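Here's a quick briefing to read alongside the model. Keep the picture open and find each residue as you go.

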Amino acid sequence: MKTFREILQKAEADRVAIGHFNVSDFTLVKAVFSAAQEVKVPVIIGASEGERKFFGTRQLAAVVKSLREEFDWPIYLNADHTHSLESALEAAKAGFDSVVFDLSALPVEENIRRTRKAIEELKSINPAILIEGEIGDIGTGSEIHKQINTHDPILTTPAEARQFVEATGIDVLAPAVGNAHGMVQSMVEGETKKHLRIDRIREIKAATEVFLTLHGGSGTADADLKQSIDAGINIVHINTELRIAWRRGLEEGLAKEKSEVVPYKILPVAVSSVQEVVRSRLKLFNKMP
Ligand code: G3H
Ligand code: ZN
C-alpha cells in the first residue's frame, strides 16, 4: 500500500487530484468507499472536529483501517479543520494519515508559531503524518448559507503563502483562491457556481512548491475545478454536496414505504444518492469521461 505522501506525489505527476469527502456517519463512509471502488481511484475520508465528535475519532479510524485492510484499497483518513492541538493529537494517536491544522482565524504570526509546534508534536507521534496549514479566509460551515462572499474575496498572495510554508514546514497548504465553504440556494438549484482564481493558484504553486488543497469544492464550476488541478491543486474537498444528497436520499428512502422501520431497507437510498455525487466528482478530479 502506498503512503499518503506517495499517493499525492503520483497525483501531482499525473496532474489529477485526490477527492476528499467528509463523513458524519457510516452511510456516508459506505457511499464514498463504494464510489472510489467503482471509479478505481484512491480516496480521502475527512472528518472535522464536529464530525469526529459524532462518529468517534477512534471508531472512524477503525472503520477506515478495516476497509483499507480488507479490500487492500488506497483509502486515507484526514482530521479536517482541527482548531486545537489536543484534538489534533487525538487524531494522530488514533492513526489518521493527515491533519488540517486550521488556525486561519488567528493573526498570521500566531498561526505560524502554533502550527510549527503542532507539527513537531504530531510528527513525534507519527513521522509519516502529513500536516496541512491554512491561511486566508474561506468562510466556515459546509451548509446552505444565506450568502457567500464570492464577489471580491481576499485572496492569499504568493508571497504570504511562501512565507507561511517556509516558516512552518507544512506538507500541504490550503490557500484562499476564490473558494468558500458551503453553498447558497442558487447553487443548490444549479443556477450559479463558484469560480476560482486559476492564475493565483498557479502563482502560489510556483512560489511554494508544496501540495495544495482546495477547500469549499461544493458548487464550483466543473471547468474551474479541472483548471485548478492543472494549475497545481492536489486535493479537492467536497462536503455540502454530499450532505444535500444524503438528506435527499434519506427523505426518499423514508417516503418510499411509510411503515418501513428497517434501517438497512431505508438507508441504501441515501447511500446511492451520495455515491452518485462522489462518483461524478471522482471522475472529474481524475480526468475520466
Ligand atoms: O473541509 C471541507 C470542505 O472544504 C468542504 O467544503 O462544503 O463547500 O464542499 P464544501
Ligand atoms: Zn474545508
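A residue counts as near a molecule or strand if one of its heavy atoms lies within 4 Å of it. Going by that, 16 residues surround ligand 1, and the closest are D80, S142, G216, S218 and T240. Keep in mind that this is a predicted model, where local features need pLDDT of at least 70, side-chain atom pairs count only at pLDDT 80 or more, and totals for chains, interfaces and linings use all residues. As for bookkeeping, residues are numbered from 1 along each chain as its sequence is written, chains are lettered from A and ligands numbered from 1 in the order in which they are written, and side-chain values use heavy atoms, with hydrogens and water left out.

**Who touches ligand 1**

- A polar contact is a pair of N or O atoms within 3.5 Å; within protein, one must be able to donate a hydrogen and the other to accept it, and residues adjacent in sequence count only if both atoms are side-chain atoms.
- The side chain of D80 has an N or O atom 2.5 Å from an oxygen atom of ligand 1.
- For S142, the gap between a side-chain N or O atom and an oxygen atom of ligand 1 is 2.6 Å.
- On its own, ligand 1 exposes 310 Å², and the protein buries 99% of that (accessible areas come from the Shrake-Rupley method with a 1.4 Å probe; for residues, only the protein chains shown count as cover).

**Where ligand 1 sits**

- The space that ligand 1 takes is the largest pocket.
- To find a pocket, a 1 Å grid is laid over the protein atoms alone: a pocket is an open set of points with protein on both sides within 12 Å along at least five of seven lines, while a cavity is a set of points where a 1.4 Å probe fits but cannot get out, and lining residues have an atom within 4 Å of a point.
- A molecule sits in a cavity or pocket if more than half of its atoms lie within 2 Å of its grid points.
- Which elements give two or more residues to the shell around ligand 1? They are β3 (75-82) and β10 (233-238), where strands (E, at least two residues) and helices (H or I, at least four) are DSSP runs numbered from the N terminus.
- The shell residues divide into two nonpolar, 12 polar and two charged (Ala, Val, Leu, Ile, Met, Phe, Trp, Tyr, Cys and Pro count as nonpolar, Asp, Glu, Lys and Arg as charged, and the others, Gly among them, as polar).

- S48 lies in the loop between β2 (43-47) and α3 (49-55).
- Is S48 buried or exposed? S48 is buried, because its relative accessible area is 16% and buried means under 20%, exposed over 50%, and partly exposed in between (1.4 Å probe, protein chains only).
- E51 lies in helix α3 and is buried as well, with a relative accessible area of 4%.
- The side chain of E51 reaches the backbone nitrogen of S48 at 2.8 Å.
- S48 and H83 are 35 residues apart in sequence, and their C-alpha atoms are 9.4 Å apart in space.

**Two positive phi angles**

- Most residues other than glycine have a negative phi.
- E209, in the loop between α9 (198-208) and β9 (211-214), has a positive phi near 55°, and it counts as exposed at 68% relative accessibility.
- K287 also has a positive phi, of about 55°, although it is not a glycine.
- You'll find K287 in the segment after α12 (263-285), partly exposed at 39% relative accessible area.

**Distances along the chain and in space**

- K283 is in helix α12 and is partly exposed at 30%.
- K283 and K40 are 243 residues apart along the chain, yet their C-alpha atoms are separated by 9.7 Å.
- F26 lies in helix α2 (residues 26-39), and its C-alpha is 8.3 Å from that of F55, 29 residues away in sequence.
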